Amino acid sequence: MTHFNRFLLSSGLVLGCAILSPKQAHSQENQLKRINLQWNSYQQLSNSNRPYIAYTAHQTTHKYRATQNGNQLALKFIVGVVLDGKQSIVDPKRLAALNEADQKSLLHHEQGHSDLAVIYGRILYKKLSAKSYSIKNFQKEVKEIYDNTMAELANLQARYDMETAHGEEKELQDKWDLYFTKELKD
């Protein structure tokens, strides 16, 4: 009976328009927790050439432990979502030009991007954990699932911004909020 353990950490950068804080969420049996955003979590960057007042970035990471027993390979995963403080920025002058209600609304919209990252961290965990892996190609198979899931997330982040007009369309933002609430229930 052969037995070995291997640890591997992979990460990818996923950019959205809403997250930041030095906090990190990890899955335990697929339970990534919601990350609550605050404006002071963002890097202050005046006169940025970005078209938006706020821009949020996060990383979704995964690591696994591989155990081989004969011809059988079992992988146990941990998935994390990390808010990226260096890539998440807010233009303080443009933010200050908004009234308090509009600032709150913008942060609320940005929270949706963070929520999507957490939801897709959970989806990644489920996809990775549901697959049977070959001994010969397991690293390639894990990478393919990760890459495909992160591409789905990037597309959904863009759709969220488009449908809500970056939070300006209140009725559509409310519909997305219902989705976030449903998906983030523990």
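Colleague: What should I know about the numbering and the model before we start?

Modeller: Residues are numbered from 1 along each chain as its sequence is written, and side-chain values use heavy atoms, with hydrogens and water left out. The model is predicted, and local features need pLDDT of at least 70, side-chain atom pairs count only at pLDDT 80 or more, while totals for chains, interfaces and linings use all residues.

Colleague: How many helices and strands does the protein chain have, and what makes a stretch count as one?

Modeller: The protein chain has four helices and six strands, in the order β-β-β-β-β-β-α-α-α-α from the N terminus on. Helices (H or I, at least four residues) and strands (E, at least two) are DSSP runs, numbered from the N terminus.

Colleague: Why is leucine 116 called buried?

Modeller: Buried means under 20% relative accessible area, exposed over 50%, and partly exposed in between, with a 1.4 Å probe and protein chains only. Leucine 116 has a relative accessible area of 0%, and therefore it counts as buried. Its place is in helix H2, and leaving aside neighbours within four places in sequence, leucine 116 is in contact (heavy atoms within 4.5 Å) with Leu153, Leu156, Gln157, Tyr160, Trp176, Tyr179 and Phe180. Of these, tyrosine 179 is 63 residues away from leucine 116 in sequence, yet 9.7 Å away in space, C-alpha to C-alpha.

Colleague: What makes a set of residues a nonpolar core, and which members of the largest one touch the most others?

Modeller: A nonpolar core is a set of buried Ala, Val, Leu, Ile, Met, Phe, Trp, Tyr and Cys residues joined through side-chain atoms within 4.5 Å. The largest core here has 39 residues, of which Trp39, Leu75, Phe77, Leu128 and Tyr133 touch the most other members. Strand S4 (54-69), strand S5 (72-83), helix H2 (100-130), helix H3 (138-164) and helix H4 (170-184) each supply at least two residues of this core, and the largest share, ten residues, comes from H2. Not counting residues up to four places away in sequence, phenylalanine 77 touches Lys63, Tyr64, Tyr125, Leu128, Ser129, Tyr133 and Val142.

Colleague: How do you know that arginine 34 and aspartate 115 form a salt bridge?

Modeller: A salt bridge is a side-chain nitrogen of Lys or Arg within 4 Å of a carboxyl oxygen of Asp or Glu. The closest N and O atoms of arginine 34 and aspartate 115 are 2.9 Å apart, so the pair qualifies. The two residues are 81 residues apart, with arginine 34 in the loop between strand S2 (24-26) and strand S3 (43-44), and aspartate 115 in helix H2. Arginine 34 is partly exposed at 41% relative accessibility, whereas aspartate 115, at 2%, counts as buried.
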